Amino acid sequence: MNNVYKKLLMCVESIQKKTDFRPEVAMILGSGLGDYADGIQIEQTIDYTEIEGFPTSTVAGHKGRFVFGYVGEVPVVIMQGRVHFYEGYPMTDVVLPTRLMGMLGAKKLILTNAAGGVNFDFQPGDFMLIRDHITVAVPSPLIGQNIEELGVRFPDMSEVYSARMRDVVKRIAGDMGIKLQEGVYMQLTGPAYETPAEVRLARILGGDAVGMSTACEAMAAHHMGIEVCGISCITNLAAGMSAQKLNHVEVQETADRVAKQFKELITAIVMNI
Ligand code: HPA
């Protein structure tokens, strides 16, 4: 059997020994939303280290566990702390948790991240609904023997981010009076922030925001038929767009500044999606 699938099955089994919770919505939440899961009605948590074969995250400030519980009436699984490609894991490991949550029953996935704004109309603190993505700078998570049990060899990617969900998110943001940008997210490997030339390249290619996650997870989810919704928090203008140099502390500070509103938006989305 395909080794990637074998590992997935091992993780699924390991989790199902601990819980029979069936999530409807899966969530992978980025910077600023690290503690979102602490505020939901928690039924059970499982540390990544308890799951046999699971790639454990090394990024400071990211908790490594799955939280199973309810947002309103909606059964959810939240990945508290994601796996990044820049940590050195192969892409198949980076998207393993996404696939895992799908195999546990999740039919919908909400992804968030912190991103640098490439579009000149964006300001730090803005939210950007992801309409589409560019992944040409990172390896595809679907490279390798195809897992037929999950999806087809050559999947269509013309609507990775569900148009239906985007409409719902726009309506909700409008009702809540939250300003919502919309655009194309470009995933780069990180961990270094981009050079100004790379940011110009991203803009020429059609990118509105740059970041180090999300698109690979969206691809893996879409491959297996999960409906995907993605929102970026624009924490800074990308390199070269302002006089300021980039650092993780400022990215975190902006993410924290708008976290309360971001959480309210996410809650409303889960309950209406
Ligand atoms: N570039 C890449 N990733 C990021 C950025 C950025 O400017 N800001 C937050 N995450």
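Trainee: Which residues surround the ligand?

Mentor: A residue counts as near a molecule if one of its heavy atoms lies within 4 Å of it. Here the ligand is surrounded by A114, A115, G116, Y193, E194, V210, G211, M212, T235, N236, L246 and V251. Remember that this is a predicted model, where local features need pLDDT of at least 70, side-chain atom pairs count only at pLDDT 80 or more, and totals for chains, interfaces and linings use all residues. Residues are numbered from 1 along each chain as its sequence is written, and side-chain values use heavy atoms, with hydrogens and water left out.

Trainee: Which strand gives the most to the shell around the ligand?

Mentor: Strands are DSSP runs (E, at least two residues) and helices likewise (H or I, at least four), numbered from the N terminus. In this model β5 gives the most, with three residues; β5 (108–117), β8 (209–211) and β9 (227–237) each supply at least two.

Trainee: Where is the cis peptide bond?

Mentor: Most residues other than glycine have a negative phi, and most peptide bonds are trans. The bond from G190 to P191 is cis, with omega near 0°, and P191 lies in the loop between β7 (180–187) and α5 (196–205). T214, in turn, has a positive phi, near 70°.
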